[in-house]
Amino acid sequence: MLEAIAEEIRSCTRCALAEGRTNAVPGAGATDADIVFIGEGPGVQEDRQGLPFVGPAGKVLDELLEQAGLSRAQVFITNIVKCRPPGNRDPLPEEIRACRDYLDGQIAAINPQVICPLGRPATQTLLDPKASMGKVHGRRFERDGILYVPIYHPAACLHNPNLRPALVEDFEKLKALLERHLQ
Ligand code: URA
(Lines give C-alpha, C1' and ligand atoms only; values in the text may rest on other atoms or scores of the structure.)
Protein backbone atom coordinates (compact mmCIF):
# COMPACT_ATOMS: atom_id res chain seq x y z
CA MET A 1 0.00 0.00 0.00
CA LEU A 2 2.70 2.47 1.09
CA GLU A 3 5.00 1.31 -1.71
CA ALA A 4 2.17 1.69 -4.25
CA ILE A 5 1.70 5.30 -3.10
CA ALA A 6 5.48 5.87 -3.35
CA GLU A 7 5.48 4.53 -6.92
CA GLU A 8 2.67 6.90 -7.85
CA ILE A 9 4.54 9.82 -6.28
CA ARG A 10 7.70 9.03 -8.26
CA SER A 11 5.85 9.44 -11.55
CA CYS A 12 3.48 12.23 -10.41
CA THR A 13 2.85 15.25 -12.63
CA ARG A 14 -0.03 16.79 -10.65
CA CYS A 15 1.75 20.10 -10.12
CA ALA A 16 4.57 22.16 -11.62
CA LEU A 17 7.11 20.99 -9.01
CA ALA A 18 7.40 17.76 -11.02
CA GLU A 19 9.20 19.69 -13.79
CA GLY A 20 12.11 20.76 -11.60
CA ARG A 21 12.74 17.60 -9.61
CA THR A 22 15.65 15.21 -9.85
CA ASN A 23 13.85 12.74 -7.57
CA ALA A 24 10.50 12.82 -5.85
CA VAL A 25 10.79 12.12 -2.11
CA PRO A 26 7.86 9.97 -0.99
CA GLY A 27 9.13 9.42 2.56
CA ALA A 28 10.96 6.70 4.47
CA GLY A 29 10.69 4.61 7.59
CA ALA A 30 8.59 1.93 9.23
CA THR A 31 5.37 1.01 7.43
CA ASP A 32 3.75 0.40 10.84
CA ALA A 33 5.32 3.37 12.66
CA ASP A 34 3.56 4.67 15.77
CA ILE A 35 4.84 8.15 15.01
CA VAL A 36 5.05 10.06 11.74
CA PHE A 37 7.10 13.25 11.27
CA ILE A 38 5.90 15.55 8.50
CA GLY A 39 8.15 18.32 7.20
CA GLU A 40 7.65 20.94 4.54
CA GLY A 41 9.26 19.69 1.36
CA PRO A 42 12.51 18.25 0.00
CA GLY A 43 15.60 20.45 -0.12
CA VAL A 44 18.56 20.11 -2.47
CA GLN A 45 20.06 17.00 -0.82
CA GLU A 46 16.69 15.29 -0.54
CA ASP A 47 15.97 15.99 -4.22
CA ARG A 48 19.34 14.47 -5.14
CA GLN A 49 18.91 11.34 -3.04
CA GLY A 50 15.14 10.80 -3.10
CA LEU A 51 15.16 10.52 0.70
CA PRO A 52 13.65 12.84 3.35
CA PHE A 53 15.74 14.92 5.77
CA VAL A 54 19.21 13.92 4.60
CA GLY A 55 20.69 17.46 4.52
CA PRO A 56 21.58 19.82 7.40
CA ALA A 57 18.01 19.83 8.81
CA GLY A 58 18.13 16.04 8.76
CA LYS A 59 21.25 16.07 10.87
CA VAL A 60 19.43 18.12 13.52
CA LEU A 61 16.41 15.81 13.27
CA ASP A 62 18.67 12.78 13.80
CA GLU A 63 20.14 14.34 16.96
CA LEU A 64 16.67 15.12 18.30
CA LEU A 65 15.38 11.63 17.48
CA GLU A 66 18.32 10.03 19.20
CA GLN A 67 17.74 12.13 22.25
CA ALA A 68 14.11 11.01 22.31
CA GLY A 69 15.30 7.40 22.14
CA LEU A 70 13.95 6.94 18.63
CA SER A 71 15.63 5.69 15.48
CA ARG A 72 14.70 6.48 11.90
CA ALA A 73 13.88 2.81 11.37
CA GLN A 74 11.11 3.04 13.98
CA VAL A 75 9.38 6.16 12.70
CA PHE A 76 8.12 7.36 9.32
CA ILE A 77 9.36 10.67 7.91
CA THR A 78 7.74 12.51 5.02
CA ASN A 79 6.73 15.99 3.84
CA ILE A 80 3.57 17.84 2.82
CA VAL A 81 4.96 18.14 -0.72
CA LYS A 82 7.06 15.39 -2.22
CA CYS A 83 9.03 17.42 -4.80
CA ARG A 84 11.49 20.23 -4.12
CA PRO A 85 10.12 23.78 -4.33
CA PRO A 86 12.62 25.90 -6.32
CA GLY A 87 15.11 27.79 -4.16
CA ASN A 88 13.61 26.10 -1.07
CA ARG A 89 10.67 28.50 -1.02
CA ASP A 90 7.58 27.51 0.97
CA PRO A 91 5.27 25.20 -0.98
CA LEU A 92 2.33 27.03 -2.59
CA PRO A 93 -1.24 26.25 -1.52
CA GLU A 94 -1.99 24.62 -4.89
CA GLU A 95 1.12 22.43 -4.61
CA ILE A 96 0.11 21.35 -1.09
CA ARG A 97 -3.42 20.60 -2.36
CA ALA A 98 -2.12 18.63 -5.34
CA CYS A 99 0.01 16.46 -3.02
CA ARG A 100 -2.55 16.07 -0.22
CA ASP A 101 -4.03 12.74 -1.33
CA TYR A 102 -0.58 11.15 -1.12
CA LEU A 103 -0.09 12.34 2.45
CA ASP A 104 -3.58 11.26 3.49
CA GLY A 105 -2.99 7.87 1.86
CA GLN A 106 0.31 7.44 3.70
CA ILE A 107 -1.26 8.36 7.04
CA ALA A 108 -4.17 5.95 6.43
CA ALA A 109 -1.77 3.14 5.46
CA ILE A 110 0.51 3.64 8.48
CA ASN A 111 -2.27 4.47 10.95
CA PRO A 112 0.08 6.10 13.50
CA GLN A 113 -0.86 7.12 17.03
CA VAL A 114 1.11 10.35 16.91
CA ILE A 115 1.80 12.82 14.08
CA CYS A 116 4.42 15.55 14.47
CA PRO A 117 4.10 18.34 11.92
CA LEU A 118 7.51 20.01 11.69
CA GLY A 119 7.28 23.78 11.24
CA ARG A 120 4.60 26.20 10.16
CA PRO A 121 3.59 24.98 6.68
CA ALA A 122 3.06 21.40 7.90
CA THR A 123 1.29 22.55 11.08
CA GLN A 124 -1.02 24.90 9.21
CA THR A 125 -1.77 22.22 6.61
CA LEU A 126 -2.51 19.46 9.09
CA LEU A 127 -3.90 21.23 12.12
CA ASP A 128 -5.07 24.79 11.70
CA PRO A 129 -4.43 27.23 8.82
CA LYS A 130 -3.99 30.04 11.35
CA ALA A 131 -1.72 28.20 13.81
CA SER A 132 1.27 30.11 15.16
CA MET A 133 4.26 27.90 16.00
CA GLY A 134 5.08 30.08 19.01
CA LYS A 135 1.68 29.16 20.49
CA VAL A 136 1.18 25.52 19.46
CA HIS A 137 4.65 23.95 19.50
CA GLY A 138 5.00 21.07 21.96
CA ARG A 139 1.26 20.94 22.68
CA ARG A 140 -1.05 18.01 21.97
CA PHE A 141 -4.14 18.16 19.77
CA GLU A 142 -6.41 15.20 19.13
CA ARG A 143 -8.03 14.78 15.72
CA ASP A 144 -9.83 11.62 14.60
CA GLY A 145 -8.11 9.46 17.21
CA ILE A 146 -4.60 10.67 16.31
CA LEU A 147 -2.49 12.88 18.58
CA TYR A 148 -0.86 15.79 16.77
CA VAL A 149 2.20 17.37 18.38
CA PRO A 150 3.50 20.27 16.28
CA ILE A 151 7.19 21.02 16.68
CA TYR A 152 9.46 23.74 15.30
CA HIS A 153 11.12 22.75 12.05
CA PRO A 154 14.61 21.33 12.78
CA ALA A 155 16.06 23.83 10.26
CA ALA A 156 14.68 26.69 12.37
CA CYS A 157 17.48 26.32 14.90
CA LEU A 158 20.08 26.41 12.14
CA HIS A 159 18.88 29.93 11.30
CA ASN A 160 18.05 30.87 14.85
CA PRO A 161 20.09 29.01 17.51
CA ASN A 162 17.88 30.53 20.22
CA LEU A 163 15.14 28.09 19.17
CA ARG A 164 17.21 25.01 19.90
CA PRO A 165 16.25 24.74 23.60
CA ALA A 166 12.56 24.82 22.62
CA LEU A 167 13.13 22.02 20.10
CA VAL A 168 15.06 19.96 22.63
CA GLU A 169 12.32 20.49 25.22
CA ASP A 170 9.58 19.54 22.75
CA PHE A 171 11.37 16.31 21.88
CA GLU A 172 11.70 15.55 25.59
CA LYS A 173 7.94 16.02 25.93
CA LEU A 174 7.43 13.81 22.92
CA LYS A 175 9.60 11.15 24.49
CA ALA A 176 7.54 11.24 27.71
CA LEU A 177 4.30 11.15 25.72
CA LEU A 178 5.45 8.15 23.70
CA GLU A 179 6.54 6.31 26.83
CA ARG A 180 3.08 6.85 28.38
CA HIS A 181 1.05 6.37 25.24
CA LEU A 182 2.71 3.55 23.40
CA GLN A 183 3.51 1.06 26.14
N1 URA B 1 13.23 20.10 5.15
C2 URA B 1 12.01 19.52 5.05
O3 URA B 1 11.00 20.11 5.42
N4 URA B 1 11.94 18.31 4.57
C5 URA B 1 12.99 17.61 4.17
O6 URA B 1 12.82 16.49 3.74
C7 URA B 1 14.25 18.23 4.29
C8 URA B 1 14.34 19.47 4.78
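Five of the five residues of S2 are buried, so the strand is largely enclosed by the rest of the structure. The model is predicted: local features need pLDDT of at least 70 and side-chain atom pairs count only at pLDDT 80 or more, while totals for chains, interfaces and linings use all residues. Residues are numbered from 1 along each chain as its sequence is written, and side-chain values use heavy atoms, with hydrogens and water left out.

The sheet to which S2 belongs may be considered next. Strands (E, at least two residues) and helices (H or I, at least four) are DSSP runs, numbered from the N terminus. Two strands pair if DSSP finds at least two bridges between them. The six strands form an open sheet in the order S1-S3-S2-S4-S6-S5, with mixed pairing. Strand S1 (28-29) and strand S5 (141-143) stand at the edges, each with a single partner strand, so one side of each is left without a neighbour in the sheet.

Which strands are joined to S2? Strand S2 (residues 35-39) runs parallel to strand S3 (residues 76-79), and four bridges join them. Within this pair, Val36 has Phe76 as its bridge partner, and Phe37 stands opposite Ile77. Strand S4 (residues 114-117) is likewise parallel to S2 and is joined to S2 by four bridges. Phe37 has Cys116 of S4 as a bridge partner, and Ile38 stands opposite Pro117 in S4.

In S6, Leu147 is the bridge partner of Val114.

The ligand can now be placed against these strands. Which residues surround the ligand? They are Gly39, Glu40, Gly41, Glu46, Pro52, Phe53, Asn79 and His153; a residue is near a molecule if one of its heavy atoms lies within 4 Å of it.

A backbone N or O atom of Glu40 lies 2.8 Å from an oxygen atom of the ligand. For Gly41, a backbone N or O atom is 3.0 Å from a ligand nitrogen atom. The side chain of Asn79 places an N or O atom 2.7 Å from a nitrogen atom of the ligand. The protein covers 91% of the 240 Å² of accessible area that the ligand has on its own, as computed by the Shrake-Rupley method with a 1.4 Å probe.

Finally, the cysteines deserve attention. A disulfide is a pair of cysteine sulfur atoms within 2.5 Å, and by this rule the count is zero. For Cys12, the nearest cysteine sulfur, that of Cys99, is 6.3 Å away. Cys12 is buried, with a relative accessible area of 12%. For Cys157, the nearest cysteine sulfur belongs to Cys116 and is 15 Å away. Cys157 is buried as well, at 7% relative accessible area.

How values were computed:
Buried < 20%, exposed > 50% of the residue type's maximum accessible area, 1.4 Å probe, protein only. Polar contact = N/O pair within 3.5 Å; in protein donor to acceptor, adjacent residues only side chain to side chain.
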